[in-house]
Amino acid sequence: MATTDRGWVKPIDVSALPNRFEPEEAEPRWRAHWDELGIHRYDPSRPREETFVVDTPPPTASGSLHVGHVFSYTHQDLIVRYQRMRGRNIFYPMGWDDNGLPTERRVQNVFNVRSDPYMPFDPDLAVDRVDPKTKPRDLPRPTVISRRNFIDLCHIVTAEDEVAFKGLWEMLGLSVDWNEEYATIDHRSRAMAQRSFLDLYEKGHIYQVEAPTMWDVDFATAVAQAEVEDRERDGAFHDIEFATEEGGSFVISTTRPELLAACVGIAAHPDDERYKGLFGKLAISPIYRVPVPIFPTELADPEKGTGVLMVCTFGDQTDVQWWREEGLALRQVLGRDGLIVDRRYGDEGWESNDPELANVNYAEIVGKRVNQARRIVVEQLRDPANSAMAGGDAPLQGEPRPIKHAVRFFEKGDSPLEYLTSRQWFVRLMDKKDELIRMGRQIKWHPAHMGKRYENWTENLQLDWAISRQRYFGVQFPVWYRLDDQGNPIYESLIVATPEMLPMDPMSDTAPGFAESQRGQPGGFAGEPDVFDTWFTSSLTPQIGARWGEDGDKMDRLFPMDVRPQAHDIIRTWAFYTIAKSLLHHGDVPWRNVVLSGWILDPDRKKMSKSRGNVVTPTGMLEEYGADAVRYWAGSARLGADTAFDEQVFKVGKRLVTKIYNAGKFVLSQEGPEGEITNELDRAFIAELAVLVDRTTRAFDEFEYSRALEETETFFWSAFTDNYLELVKRRSRSEEDPEGRASAIATLRTGLNVLMRLFAPFVPTITDEVWSWAFAGETGHRSIHVADWPSSAEFATVPAPADAGSFALACDAITAVRKAKTDEGLGMGRPLTSLALSGTAEDLSALARVINDVRDSANASDIGVTEGDAGGERFAARIEAEVQAAD
RNA sequence: GGGCGGUUAGCUCAGUUGGUUAGAGCACCUGCCUUACAAGCAGGGGGUCGCAGGUUCGAGUCCUGCACCGCCCA
């Protein structure tokens, strides 16, 4: 026979395999093997069009590993593993975002230290870790250490975090190229951030200005619009009587009476009849008796409070606007530490009709925090002596009226933000909104509606990007200032570093043209002490990966990148700033696609968070269920969809792994003649497999891996194992039908081979395990992860079935038999002495092509068909079972 | 207040351009230790698709309004 002289398909030795698949044994073994084969390595010699580039998010090295990390990083890896099987040269780096406030905070807590930038470096400093069980109030006063010592400690804790993260990524089986590892505080990233600064500075996108800026008093640093969030807080309207210069009075409402000393104007709506007559005149404040201008503004809401309000420097963003537009005085009473600063009424800019009264009152709040000052001022307002005009009543009208209102906070802070004037660096973006939106539209967002969030944010942008921070563990500005004869910096006369100096620190590197001895001396130089906003560096992940401007610059091979995976809560920061940087540096988009993972919610549909104590540890999860099962869970969630944490799904994943293991063992232990796929049922099965391959490939190309998984899983479980395997079990061992047997075995192996590859991105360990038993040797691909992604072209040599519906017909027939057996309480393997199927003449005649497999899987000695009603189903079965011998 | 998303079985979710009787897994009930798999197999019950209108021969799907949940922004 033509089919038999080609050879014999040899079975694998099932007895050599463990009964159960043990992920804890197999996963480390496979990870080591992948490493050995180097299959995750990027090949810089291959051209751009063969390369798939990922702009991997560098996780914040915060010490806490979260199931959300596992979820979203798996999503990237699914896409990457698919692309690798498509033959793409993968660039998949990993960075650690260790620079910035979270690290500073951890260092402060772990070692109970604070940094003082002016303290000298102590090379022998040794500080101990605080016992984490110590209650905060039992801690001694923090040890004050130098900035350099502090940074050393930062490196110690982040190194530990990075080890923990790397361990998690490896356990999860991320196919990252570990040769492409970096940290946002390492030399390369610092040089890149400074290079970015120099380029933006040269192109005129960067400026420095003394201006009101949002300020966090606890961290004592400026913050950017993107880092701000509103929180609902209790507050109270205080109705306070002001006088007019003509002897009249009016009442304003304010939630911030403690800023009365910072009052520089009074405003009301231009159409407000009550106050129309006052515009252009002066008002007199109570307590301090300071004359301030009254002006009209469209921004005042006549319905709010009394319709007239006081403008302070600065209570909020509109105060800043009025201060600019109206050219008001600057009276800042709040210091950078959040305490009321000392001022003297009667001095220039602090004119008062009664300086003596003003100074007595003001002295009571100097050095106080905002809340203390508020209580004191409210008491002062109850005193008629503090009326705006001598002889008046108590300025406070009635009692404060409690309200709930939104207050702005730094997202990492605990005190409301203040607006303080300070010298800060900015990147000019307000004039580039249109271009930024255009960039956003050139990028494909997955899911698409996430692009709207980007546009929304960009359209509503109100401030340029404040990039300077008054912190320690960050990348320094590559800038010095010349000092004047008094030793004060001349901000207009800055010295910028040259590219070959990078990375550099202006606080320890000497400015070109000066000697280090001139640091801080009159006529000498001084370094810029600020550091960059961490986003200034992390918005450069594409450039860091591609080594922009360095030796070995690979921008032409890697940029724009293919995909940026990220979470949707940082569209306004990470995605936005990366697009902005890419626009300003290269005039191009940073990537073609953004894929956004959802969040993991706890079963109450709240975002899982550490503070709620509902966090499941990812390592525990991986140990209990295995990486494949955990990846299955992540893979079953659509992009962008927030997903409730459901442990059941891990169990389903684990079950799938077991099923793959057993199905693999079964298929590969079948032996028989080697031959072509000729049988009608087999051909029909292959035709359906080809459809599956096309559909999953399309889904993956659209980043819809969850659809690919769902379809593959359904096909595997129902078409392959439940039906096809059962239908051909007998034929694949038949002695009488070598051609049919060869066809069955070839089909079984083709089915398994293809399904393993379709599953490989999701469950990389079990699929490679099964692959290794036979297919690795047959194909020469030593790992399934570098095997070719299936294509329907692989089946081109298999003839199309006579009837595309043959496989479905056989499945329906066997289902009818099973139903009959179940109805009679018989086991599925129970032999039948007679089996009769009824259905339409058309179905029955089509069924004839595959009826032998149906008969065999029913374990019937004979099968008959009769035209007739099948009770709403395609077929109905009448059976007679063999009488079983009593035991 | 503006923008975006969601609401489908007890739970977690699919449902492609409108088209037979709305699907899956888990859970539940019944039967079966069947020569790959009891971590299995077979069968079954369970849904007014958030509410109210509209378009259409036909709506889970399109349109309008409303409610609730979530996120972003002000």
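Begin by selecting Lys729 and Phe666: Lys729 lies over the face of Phe666, 5.7 Å from the ring centre. Please note that the structure on display is a predicted model.

Next, select Arg81 together with Trp34. Here Arg81 is placed over the face of Trp34, and the distance to the ring centre is 4.9 Å.

The tour now turns to rings that pair with other rings. The count of aromatic pairs in this model comes to 49. Select Tyr42 and Phe91 as one example. Their ring centres are 5.0 Å apart and their planes stand at 85°; an angle over 60 degrees counts as edge-to-face, so this pair is edge-to-face. Colour the chain by secondary structure to see that the pair links distant parts of the chain. Tyr42 belongs to the loop between α1 (23–37) and β2 (51–53), while Phe91 is in strand β3 (residues 89–91), and 49 residues separate the two. Tyr42 is buried, because its relative accessibility of 7% is under 20%. Phe91 is also buried, at 0%.

Continue to Tyr288 and Tyr345. With ring centres 5.4 Å apart and planes at 10°, this pair is stacked, because the angle is under 30 degrees. Tyr288 is found in the loop between β13 (282–284) and β14 (291–296). Tyr345 is found in the loop between α6 (317–326) and α7 (355–363), 57 residues from Tyr288. Both count as buried: Tyr288 has a relative accessible area of 1%, and Tyr345 one of 4%.

Finally, select Phe197, Tyr201, Trp425, Trp445, Tyr454, Trp465, Phe477, Phe532, Phe536, Phe576 and Tyr577. Ring pairs link these residues into a cluster.

Methods: Residues numbered from 1 in each chain as written. Chains lettered and ligands numbered in written order. Predicted model: local features only at pLDDT ≥ 70, side-chain atom pairs only at ≥ 80, totals over all residues. Heavy atoms only, no water. Phe/Tyr/Trp six-rings, centres within 6.5 Å; stacked < 30°, edge-to-face > 60°. Helix = DSSP H or I, 4+ residues; strand = E, 2+ residues; numbered from the N terminus. Buried < 20%, exposed > 50% of the residue type's maximum accessible area, 1.4 Å probe, protein only. Lys NZ or Arg CZ within 6 Å of the ring centre and 35° of its normal.
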